[in-house]
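Open the structure in your viewer and keep the selection tool at hand.

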Amino acid sequence: MRCLVSVSSGDEYPFERLAEFADDGDPLEVRGDLSHAKVRSGAPSIAARFSDFFAYKNAAEGGGLGEIVTPLVQAPQPLAEFIGIERLLLKNETMNPTWSFKDRGTLPCIWLAAELGETTLATISTGNMGHSVAAYAARHGLRALVFVPDFTPPEKILSMGAHGAVVVRVAAENFGVMKRSVLAHGEAAGLRIVSGNGPHRVEGYKLEAFEMWEQLGGETPDFIAVPTSACGHIRGIHKGWRELFAAGLVAQVPRMIVVQAANNAPLVSGIQQGLDHMVPVEHVETIAEAITSGNPPGGDALVRQARSLGWPAATATEEEIIDGQRRLAHSGYLVEPASAVSVHAVRKLRANGSIAADARVVLMLTGSGLKDPAILQRHSMKIMDVKERDLSAVLKDLVKP
Ligand SMILES: *Cc1c(COP(=O)(O)O)cnc(C)c1O
């Protein structure tokens with residue numbers, strides 16, 4: 001029988017539960033019957049091949065915006081060299097239907113709504129999750145309701161609005177306060193509101209693990225670096241690998257690397273200081289706008305999980321984030337600042353010996369650089385304004401050896 005389980009106490013809750021956390025505030029995860037789970041090798045889509053690993057009736061159908069498969073590629077030499085890891089892989093989640101990995105987590109929301117006959121998809125988001133929910137809701141004729149903090153970049157809000165979502169821009173002391181308040185009022189109103197660390201979205205992120213497993217021909221990376229905010233993504237990727245392990249398909253579960261901006265590192269601080277809880281940040285000020293949870297619900301449990309499993313953790317400063325974004329862009333990958341944090345964070349972990357030089361490491365490129373184009377103005381670029389009559393002279397100059 002499928003149910004939700006507290007990751008800390010093991011207490012069980014109904015699968016259909018509206019609240020996303022256990023009564024004591026601990027994160028929940030989906031438990032289904034995986035005893036006979038196997039990969040359906042002949043099936044035509046990833047969702048169908050791994051449908052045994054999901055507790056939803058229509059998981060095999062995917063999400064309706066086309067099958068999601070994103071590239072897993074060897075990083076170009078200069079980037080691998082800079083980070084100091086030869087076997088560096090990039091998982092390009094910017095190639096999702098709405099250009100961030102959040103689409104993966106929206107699939108179970110669609111499956112659940114269909115099963116329970118729910119007609120509204122509601123979420124709290126700094127942008128990407130709202131965009132994803134808005135797009136999938138539009139595809140399925142559902143109403144989308146998105147609560148965003150008032151610092152959300154206008155481009156992200158416009159993309160939600162364009163899909164027909166109702167966007168509620170909330171002014172609050174900070175994102176943490178806003179999130180807790182919206183969730184509490186939503187539950188009181190009988191509305192299911194998904195946040196970034198709810199059990200159903202976490203299920204969708206398992207698909208990234210399954211896909212990497214296929215792309216690596218059944219092999220396992222040693223580390224997977226995940227820019228982390230609400231904690232849903234990192235939990236989901238890890239859960240996917242754990243389930244592959246339980247099914248006897250891999251011999252080891254990769255270690256996650258917890259990556260955050262130095263200006264907002266509640267989880268990394270807790271892990272680095274050897275605590276059993278996070279160190280909340282009150283006034284978050286970082287260009288990595290997609291990872292601004294300063295006090296994420298369920299963060300304490302993530303710190304304990306990271307410590308017990310030996311997950312490395314590191315940060316990057318604001319300058320390092322821009323530099324990382326530039327290095328990725330100059331390698332062919334335009335990512336948003338949140339995704340770029342991993343470059344310097346993983347480099348530091350390599351330099352201090354936490355990661356061996358011959359380790360196989362995946363960087364999750366979580367979202368597209370076009371999500372937040374204003375930031376790109378911080379890069380130095382070669383942009384020339386030329387009068388037509390000067391073109392000949394300018395070209396001669398440009399083609400000089
Ligand atoms: C949501 C998001 C993250 C953080 O993921 P969590 O599940 O909140 O930890 C990282 N990068 C991008 C681009 C995101 O949209």
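The tour goes to the ligand, then to a sheet.

This is a predicted model: local features need pLDDT of at least 70, side-chain atom pairs count only at pLDDT 80 or more, and totals for chains, interfaces and linings use all residues. Residues are numbered from 1 along each chain as its sequence is written, and side-chain values use heavy atoms, with hydrogens and water left out.

Select the ligand. Around it stand 17 residues, the closest being Lys102, Asn128, Ser229, Ala230 and Thr366 (a residue is near if one of its heavy atoms lies within 4 Å). The shell holds 7 nonpolar, 8 polar and 2 charged residues.

Now show the polar contacts (pairs of N or O atoms within 3.5 Å). Start at Thr366: an N or O atom of its side chain is 2.8 Å from a nitrogen atom of the ligand. Move to Cys231, where a backbone N or O atom lies 2.9 Å from a ligand oxygen atom. At Gly232, a backbone N or O atom is 3.3 Å from an oxygen atom of the ligand. The ligand alone exposes 380 Å², and the protein buries 96% of that (Shrake-Rupley method, 1.4 Å probe).

Next, select the sheet. Its 3 strands run in the order β2-β1-β3, open and with antiparallel pairing (two strands pair if DSSP finds at least two bridges between them). The edge strands are β2 (12–13) and β3 (28–31), each pairing on one side only. Finish on β1 (residues 3–6), joined to β2 by 2 bridges. Pick Leu4: its bridge partner in β2 is Tyr13.

How values were computed:
Polar contact = N/O pair within 3.5 Å; in protein donor to acceptor, adjacent residues only side chain to side chain. Nonpolar A, V, L, I, M, F, W, Y, C, P; charged D, E, K, R; others polar. Helix = DSSP H or I, 4+ residues; strand = E, 2+ residues; numbered from the N terminus.
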